[in-house]
Amino acid sequence: MGTQAQLSIWAETPTQAAQISKKIEQQLNQQSIDWYAWSPQQTSELRRLNVSLQSGQPCQVSESLTDLLNISLAMYKNSQGYFDPAIMPMTAAWGFADSNPPAMTELPSQRLLQDWSQHRPRLADLTLRDHTVSSLRQDLQIDLGAIAKGYALDLAIQQLQREGITQASLNLGGQVLLIGNSLPTSITEVKIQSPRTNTFLGRVTLKSGESISTSGDYWRNNIVNGRTIHHLLDPHTGSPVSHTQAVTVIANSGVLADAASTALMAAGPERWPAVARALGIQEV
């Protein structure tokens, strides 16, 4: 998923720990193919779905992707559209189609941005019946980058619990989810970085079952024609957020924390409290 994963587990033996860790690694690697919109691999399920949508054809998807899309639709509705995976075309327009800095010399034109704001596709244009996905909008393209890591965290922790693990922590690209009531402070205490200085704004102590996610304009950014741009876009305008530097969210699942931090980043100073309440988020 274009980032690093750090797994800490307390198992019966080193052999068991190694076997379970390998299983989680394989699971994450497969998800990074299946749920990555720009995957070069033909086996990518999300890539196959986007190709079908572009051609106006329905597409059968797996149970896990069906679940992820259903969760995304609920997040879209509850966030007043500030979480919208249909932002993919503008993510590409700003040069953030992969994990590398954008290789671009010109910013998107005002005409393109105006056309997006007036006629943009929305995730609500997606129709999902059982495992069949379709849309009347052939310009609808889906990027799950703002929710896939959180969902992968949840599935990984569920797998660990099935394996009998009761004490564990998984850090996926800075988003943490942990289980267990006897974890050391070095695991449960998470520092919140300042978005503008090499210091920390504070630190929080996570409880079992909690996940923390931070969205910030300092993670993936670049300077183009003298303007600093970043990958966190407001779905309504199609442009990088300029009113907010960073948002940290604590929630009772990885998928909710991941999507909510993105939505609140876009919602901004005036709207974020209402959006947080609608999403069921209590700690921001």
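1. At roughly what angle do the axes of helix α1 and helix α6 cross? In this predicted model, the axes of α1 (residues 14–34) and α6 (residues 148–162) cross at roughly 155° and come within 10 Å. Axes here are lines fitted to C-alpha atoms, for helices over the stretch in contact, and angles run from 0 to 180 degrees between N-to-C directions. Helices (H or I, at least four residues) and strands (E, at least two) are DSSP runs, numbered from the N terminus.

2. Some conventions apply to the whole note. Residues are numbered from 1 along each chain as its sequence is written, and side-chain values use heavy atoms, with hydrogens and water left out. Because the model is predicted, local features need pLDDT of at least 70 and side-chain atom pairs count only at pLDDT 80 or more, while totals for chains, interfaces and linings use all residues.

3. Helices α1 and α6 are therefore roughly antiparallel to each other; angles under 35 degrees count as roughly parallel, over 145 as roughly antiparallel, 65 to 115 as roughly perpendicular and the rest as oblique. On the α1 side, Ile20, Lys23, Ile24, Gln27, Leu28 and Gln31 meet Ala152, Leu155, Ala156, Gln159 and Leu160 of α6, where contact means heavy atoms within 4.5 Å. The residues of this contact divide into 7 nonpolar, 3 polar and 1 charged. In this classification Ala, Val, Leu, Ile, Met, Phe, Trp, Tyr, Cys and Pro count as nonpolar, Asp, Glu, Lys and Arg as charged, and the others, Gly among them, as polar.

4. Helix α6 has 15 residues and reaches 21 Å from its first C-alpha to its last, close to the 21 Å expected at 1.5 Å a residue; the expected span is 1.5 Å times one less than the number of residues. Buried means under 20% relative accessible area, exposed over 50%, and partly exposed in between (1.4 Å probe, protein chains only). Among the buried residues are Tyr151, Asp154 and Ile157. After α6 comes Gly164, with a positive phi near 90°.

5. Helix α3 (residues 63–78) forms a second pair, with α8 (254–279). Their axes come within 10 Å and cross at roughly 10°, and the two helices are therefore roughly parallel to each other. Ile71, Met75 and Asn78 of α3 meet Val255, Leu256, Ala259, Val275, Ala278 and Leu279 of α8. By class, this contact has 8 nonpolar, 1 polar and no charged residues.

6. Which residues of α3 are buried? They are Leu65, Thr66, Leu68, Leu69, Ile71, Ser72, Met75 and Tyr76. Their cover includes α2 (45–54), β3 (126–129), β4 (132–135), α6 and α8.

7. Most residues other than glycine have a negative phi. Asp130 has a positive phi near 55°, is placed in the loop between β3 and β4, and counts as exposed at 69% relative accessibility.

8. Asn181 lies in the loop between β6 (175–179) and α7 (185–188). Asn181 is exposed, with a relative accessible area of 72%. Leaving aside neighbours within four places in sequence, Asn181 is in contact with Gln167 and Ser208.
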